[in-house]
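Thanks for coming. I will go through one model this morning, beginning with the ligand site and then moving to a helix and a strand residue.

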Amino acid sequence: MNRAKIQGIGYSVPDRIVTNSELEKYMDTSDEWIQSRSGIKERRWVSSGMGTSDLAIDASKKAIQMADIDPQTIDLIIVGSLTSDYFFPGVSAQVQDALGISPIGAFDVKAACSAFIYSLSIGDQFIQTGKFQTVLVIGAEVQSTALDMSTKGRDMAVLFADGAGAVILKKHDGDSGILSTHLHCQGKFLKELWCEGPASRENPRLSVDMLKEGRHFPYMNGREVFKNAVRRFPEVIQEALDENDLSIDDISLIIPHQANERI
Ligand SMILES: CC(C)(COP(=O)(O)OP(=O)(O)OC[C@H]1O[C@@H](n2cnc3c(N)ncnc32)[C@H](O)[C@@H]1OP(=O)(O)O)[C@@H](O)C(=O)NCCC(=O)NCCS
């Protein structure tokens, strides 16, 4: 059976470190509140002019180096991101160009915080079917430029930041590699963590009114997101264990989504 194996990984974060005490200057918050609610002490935010593609390209180069492959052998590029540099096209086009790879397929997956797992799953399917041998999968976000830095936006501003991670998936004949992936979505909760604008259902997509009302800022119902995360996370872990006839005792390391240590 074809399996996809992670042969190389790379990450990239901006140089600029933003501490909790720096945030105290912009909004009514405190180091104590942030650390007790989330465990976060500092985050990385881009400096002016840096975009998601810069982080994605840097992370990709590191993953390629670790995998020790010729970039020309990559068959497909998938980028999970909701913060592409431009409204369109996606970051994947910039990565393909920057790496100087021949005109292979490259596309973005817009699945919010879950986008990397969705992207990994798609790359895995292409390898399992035998269609491709080598897939570059990237998760990359610049969230800091979207945030409301006033006290009104403090619940999100203290949690969100910028960074990218990339993996090289390689076809591998054997039992190891990605065993399974499990994807879920509950669209009925979409407005509990969403960003309304720019919106294709409005003409123009971005208006002075929208800016005045702050509808271009992301909104989060933190408690609802927290409740769902702590309920769904164990469920999907169990689903993955059951599908592979494993028990939790077989697992040596769980690497969860990092938004909040309490989750
Ligand atoms: C956001 C989160 C940390 C808030 O923690 P919480 O214990 O639920 O706190 P609450 O929302 O009940 O807020 C308590 C108070 O703190 C205030 N508060 C919110 N953000 C604050 C901040 N950054 N600094 C200080 N106070 C803040 C609230 O306004 C509220 O004040 P009030 O009681 O006067 O109304 C928590 O809900 C959470 O982690 N949610 C999930 C976030 C997440 O994982 N998002 C997904 C990212 S992909």
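Of the 21 residues around the ligand, the ones that come nearest are T29, C113, G222, R223 and N260; a residue counts as near if one of its heavy atoms lies within 4 Å of the molecule. This is a predicted model, where local features need pLDDT of at least 70 and side-chain atom pairs count only at pLDDT 80 or more, while totals for chains, interfaces and linings use all residues. Residues are numbered from 1 along each chain as its sequence is written, and side-chain values use heavy atoms, with hydrogens and water left out.

Now the polar contacts, meaning pairs of N or O atoms within 3.5 Å. T29 has a polar side-chain atom 2.6 Å from a nitrogen atom of the ligand. The side chain of W33 has an N or O atom 3.3 Å from a ligand oxygen atom. For N260, an N or O atom of the side chain is 2.4 Å from an oxygen atom of the ligand. The ligand taken alone exposes 970 Å², and the protein buries 73% of that; these areas come from the Shrake-Rupley method with a 1.4 Å probe.

Which elements give two or more residues to the shell around the ligand? They are α2 (31-38), α6 (154-157) and α8 (222-243), with helices taken as DSSP runs of H or I of at least four residues and strands as runs of E of at least two, numbered from the N terminus. The most comes from α8, with 4 residues. By class, the shell has 11 nonpolar, 4 polar and 6 charged residues. Ala, Val, Leu, Ile, Met, Phe, Trp, Tyr, Cys and Pro count as nonpolar, Asp, Glu, Lys and Arg as charged, and the others, Gly among them, as polar.

Next, helix α3. Its buried residues include L55, A56, A59, S60, A63 and A67, where buried means under 20% relative accessible area with a 1.4 Å probe, protein chains only. The cover over the buried residues of α3 includes β1 (2-12), α4 (91-98), β6 (134-142) and β7 (162-173). After α3 comes D68, with a positive phi near 60°.

Last, strand β6, where V135 is found. V135 counts as buried because its relative accessibility is 0%. Leaving aside neighbours within four places in sequence, V135 is in contact (heavy atoms within 4.5 Å) with L76, I78, G123, I127, V167, I168 and L169.

Technical notes
Buried means under 20% relative accessible area, exposed over 50%, partly exposed in between (1.4 Å probe, protein chains only). A polar contact is a pair of N or O atoms within 3.5 Å; within protein, one must be able to donate a hydrogen and the other to accept it, and residues adjacent in sequence count only if both atoms are side-chain atoms.
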